[in-house]
Amino acid sequence: MSRIAAALLLAASCTFAAAQSGPYKVLTNVKVGGLGGWDYVYADAPNRKLYVPRMGAADVSRVTIFDLDTLAPVKELPETGGHGVAVDQKSGHAFSSSNPVMMWDAKTLTPIKTIPVTGRPDGIELDEDNHRIYILSHVTPNVTVIDAKSGNVLTTFDAGGAVEQSVFDGNGHAYIDLEDKVGIAIVDTNAMKTTGKIDLTGKADGCTGLAIDKAHELLFAACNEPNVMVVISAKDNKILTTLPIGKGCDGATFNPDTMEAFATAGDGTLTVVKESSPTTFAVEQTVATPVRARTITLDKKTGHIISATAEFGPTPAAVAGQRPARPPMLPDTFQIIVVGK
């Protein structure tokens with residue numbers, strides 16, 4: 001065994017050793033293959049579809065669609081790709097965070113139109129109350145708002161930093177974590193503009209995941225500097241506690257049925273935070289997952305957590321004056337991971 005292989009084995013062993021026992025475990029790990037990178041995965045629970053945008057060259061970029069129950073391939077939407085997908089159940093329309101944005105019928109999977117946008121589309125979220133799609137960009141304009149019924153762009157606005165994930169409280173507010181600005185932007189969803197900021201100075205920065213307990217007005221911000229989940233009362237913007245999570249998190253979600261927040265991390269961990277009361281929180285379990293499974297979606301019907309990853313080759317040697325190269329993704333190693341009880 002080579003030194004590199006031994007080191008990787010040791011790292012994997014340490015990750016599994018650090019995992020805490022509990023009810024959650026990896027139920028399924030399906031290698032579905034296919035070309036292209038990926039970012040967010042999205043579970044459309046009512047229509048039982050799992051969306052995985054794949055990124056790369058023009059002939060590779062697409063949205064791949066799987067059966068949410070069996071993970072069998074259903075269809076591909078070519079020439080779109082992007083970073084994520086959101087579905088509005090009232091209009092029956094689905095959208096991709098790409099440029100242009102693609103809009104399609106969520107039941108028939110038939111494309112409807114493309115929507116030119118500015119910025120650099122990354123995250124995407126649905127404002128269920130107003131039936132609007134929020135396209136998030138690291139560059140200005142940070143947010144593009146699209147009417148889910150017509151597909152028309154309603155407005156764009158700046159959130160004050162590199163936006164990652166957004167949540168909506170159902171009371172006229174959205175919250176968007178700012179990866180580079182030590183905080184969370186507060187948005188008036190009726191006026192569709194930023195109205196303030198929750199300051200996380202001294203607690204955490206590099207926040208890349210955000211979840212919400214709407215009933216109790218609590219935010220769960222998953223951050224990377226340091227690796228913690230910050231629990232915040234959205235009633236008064238006060239920080240209630242911080243809890244440890246894995247390294248390299250890129251997403252969070254909350255299940256109101258179990259009162260648990262989840263954060264996936266690239267180091268091969270899924271952290272489960274239990275909300276025992278609106279003021280009492282604890283790490284309930286750390287689940288061992290495949291490394292690089294960093295993004296997350298919740299199947300609201302089954303309570304399953306879904307992520308994705310792949311296998312990678314060695315990192316290319318550094319070249320002076322250039323950004324560090326990423327390791328190449330090995331062909332046909334892309335896989336979907338399902339975690340549940």
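Buried means under 20% relative accessible area, exposed over 50%, and partly exposed in between, with a 1.4 Å probe and protein chains only. By that rule Phe-220 is buried, because its relative accessible area is 0%. This is a predicted model, in which local features need pLDDT of at least 70, side-chain atom pairs count only at pLDDT 80 or more, and totals for chains, interfaces and linings use all residues. Residues are numbered from 1 along each chain as its sequence is written, and side-chain values use heavy atoms, with hydrogens and water left out.

**Aromatic pairs**

Rings of Phe, Tyr and Trp (its six-membered ring) pair if their centres lie within 6.5 Å; planes under 30 degrees apart count as stacked, over 60 as edge-to-face and the rest as tilted. The whole structure holds nine aromatic pairs. Trp-38 and Phe-334 make an edge-to-face pair, 5.2 Å centre to centre with 65° between the planes. Trp-38 lies in strand β2 (residues 37-38) and Phe-334 in the loop between β28 (305-309) and β29, so this pair ties together parts 296 residues apart in sequence. Strands (E, at least two residues) are DSSP runs, numbered from the N terminus. Both Trp-38 and Phe-334 are buried.

Phe-220 and Phe-254 form a stacked pair, at 5.3 Å centre to centre and 15° between the planes. Phe-220 sits in strand β20 (residues 218-225) and Phe-254 in strand β23 (residues 249-255), 34 residues apart. Phe-254 is buried too, with a relative accessible area of 8%.

Trp-38, Phe-312 and Phe-334 form one aromatic cluster. A charge sits over a ring if NZ of Lys or CZ of Arg is within 6 Å of the ring centre and within 35 degrees of the ring normal. Arg-54 lies over the face of Phe-334, 4.0 Å from the ring centre. The charged end of Arg-292 is over the ring of Phe-312, 4.3 Å from its centre.

**Gly-340**

Gly-340 belongs to strand β29 (residues 335-340). Gly-340 is buried, at 1% relative accessible area. Contact means heavy atoms within 4.5 Å. Leaving out residues up to four places away in sequence, Gly-340 touches Pro-23, Tyr-24, Lys-25, Leu-27 and His-304. Lys-25 is 315 residues from Gly-340 in sequence, yet 5.7 Å away in space, C-alpha to C-alpha.

On a 1 Å grid over the protein atoms alone, a cavity is a set of points where a 1.4 Å probe fits but cannot get out, and a pocket is an open set with protein on both sides within 12 Å along at least five of seven lines; lining residues have an atom within 4 Å of a point. Grid points are joined across faces, edges and corners, and a volume is the space filled by probe spheres set on the points.

| Space | Volume |
|---|---|
| Largest cavity | about 50 Å³ |
| Largest pocket | about 1,000 Å³ |
| Second largest pocket | about 780 Å³ |

The structure has one cavity of 30 Å³ or more. In the largest cavity, β28 gives the largest share of the lining, three residues.

Among the 42 residues lining the largest pocket, Tyr-42, Glu-125, Glu-128, Thr-253 and Lys-300 are the closest to its centre. β23 supplies the largest share of that pocket's lining, six residues.

The second largest pocket is lined by 21 residues, with Trp-38, Asp-39, Asp-250, Arg-294 and Arg-326 nearest its centre. β2 and β23 each supply at least two residues of that lining.

Terms used. Helices (H or I, at least four residues) and strands (E, at least two) are DSSP runs, numbered from the N terminus.
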